[in-house]
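Hi,

Here is the structure I promised to pass on, with some notes to read alongside it. Have a look first, then see below.

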Amino acid sequence: MTWLDDADRHSPWAQLSVVVAGLGVSGYAAADALMQLGARVTVVDERDGDAERERGTILEVLDVDVRLGPGSTATLPPGTDLVVTSPGWRPNAPLLTAAAAAGTPIWGEVELAWRLRDPATPWLALTGTNGKTTTVRMLAQMLNAAGLRAAAAGNVGEPIVAAVRDPAGHDVIAVELSSYQLHWTHSMTAHSAAVLNLAPDHIDWHGSLEAYAAAKARIYRGVSNACVYNVADPATEHMVREADVAEGARAIGFTLGVPDVGMVGVVDGVLVDRAFVAERQTSAAELAAVDDIQPTAPHNIANALAAAALARSVGVPQSAVRDGLRRHRPEPHRITTVATIDGVDYVDDSKATNPHAAAASLSAYTGVVWIAGGLAKGATFDELVRAVRGRLRGVVLIGADQDVIAESLGRHAPEVPVMAIPAADNRPVDDIMTQVVDAAAGLAEPGDTVLLAPACASMDMFTDYSARGDSFTAAVRRRRRDA
């Protein structure tokens, strides 16, 4: 199928036999779209749980061949013209290895969505190790405040394939992209794109930090208007310098300091634009007050600046940036104050699942009792501990890889009290979390913050970071009730 190289929404999709690898949310959306286009679709997934069966039953009614359970992904079905893979599938999965060996194209759901999009609808794409979801939601609020019909899609909100096939259409789409999604994306050329930051993460999936960074850098390829980068993170600027972009595309930095020409930044508590105004050589446009951002942690101000730069790249007025920030409400488990008990604030940042995110969270407070631990995913913690040791009142460790953090604390902050809650414990996790909160309360003094910023993934004890945050919140509320 030679036309696949240049396929778009008008191509003869009915000629194709397509295998969709994975029946999660994005896989289901991809299979549904391809079926509606007339393609012959086979869906495979090693999982055979309730969610997969429910989605599979619906697709089977629509004449999709659904194969679930162990062994269903071991081989590539004969006659496959295209594989559309779910983002979490590693390149060395047997089915994908077989497809690559056979010369069969492998796309991600984002690549499929790009081919099916309305070319008149610009994509504002963003990625980064941390802050993606918060930033894309800020961006969507700014776009809506400007009167644009906009969707937040991709790694957040609805699958991007569903967004591009919405019959009502969109004026612009704000697209959050993970490194997994970018790995499987080949032809996307966004109107504007941003990389918020880069820190070691998902090394177990990509194989190296260099490969992880290369996946992130794909977001800048072919950008036509603005490549937004973090002035405080040289790796993001390097990505822009190395990117093959369209002629006329601009590099736009965001900074927590006073911005140079061609940047957005902060002056006297005000977010300002020296990039998208005609008078940028001599003046700046006021966008919003820092106090319009909730919470006003430094990394969240940086998120707001990145969102503002992307919004301004499509002509969003200053007032809409301000109104969008005022309307935005943080998602749960992102620097959420749960309660204040006896002068101590209890804050849930369970979404801080790697050292970089935890460092940003810890830096927002002075006296901190830090709750940390879980699955380290190969991360190291020496740099984090060195950066925040002066803020630590104490540390409570949980989870499977707590010893890795304990060793870093012993090397770089031996004066900080550490309490370790045993990882091998058959008690209910809520009982363990109650012990964790009680231990943290015992280390805290009035004016301190007990901060759940684990710097690790949660799946050793919890189904996900939300469940971990919910357990922490419930334990804090029990303590407040009993106080």
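Please keep in mind that this is a predicted model. I'll begin with helix H4 (residues 109-116), which is mostly covered, with 8 of its 8 residues buried. Those buried residues are Glu 109, Val 110, Glu 111, Leu 112, Ala 113, Trp 114, Arg 115 and Leu 116. Their cover includes helices H1 (25-36), H6 (160-164) and H7 (179-183), along with strands E4 (82-85), E5 (106-108) and E6.

Strand E6 also leads us to the sheet. This is an open sheet of 9 strands with mixed pairing, in the order E7-E8-E6-E9-E10-E11-E12-E13-E14. E7 (150-154) and E14 (285-289) are at the edges with a single partner strand each, so one side of each has no neighbour in the sheet. From one strand to the next, the twist averages 20°. Within the sheet, E6 (residues 123-127) runs parallel to E9 (residues 192-195), and 4 bridges join them. Leu 124 stands opposite Ser 192 in E9.

The axes of H5 (residues 132-145) and H11 (residues 298-313) come within 8 Å and cross at roughly 45°, which makes H5 oblique to H11. The crossing is right-handed. On the H5 side, the contact is made by Thr 134, Thr 135, Met 138, Leu 139 and Met 142, while the H11 residues include Asn 300, Asn 303 and Leu 310. By class, this contact has 9 nonpolar, 4 polar and no charged residues.

Best wishes

Key:
Residues numbered from 1 in each chain as written. Predicted model: local features only at pLDDT ≥ 70, side-chain atom pairs only at ≥ 80, totals over all residues. Heavy atoms only, no water. Pairing = 2+ DSSP bridges. Helix = DSSP H or I, 4+ residues; strand = E, 2+ residues; numbered from the N terminus. Axes fitted to C-alpha atoms, helices over the stretch in contact; angles between N-to-C directions. Buried < 20%, exposed > 50% of the residue type's maximum accessible area, 1.4 Å probe, protein only. Contact = heavy atoms within 4.5 Å. Parallel < 35°, antiparallel > 145°, perpendicular 65-115°, else oblique. Left-handed = near helix turned anticlockwise from the far one by under 90°. Nonpolar A, V, L, I, M, F, W, Y, C, P; charged D, E, K, R; others polar.
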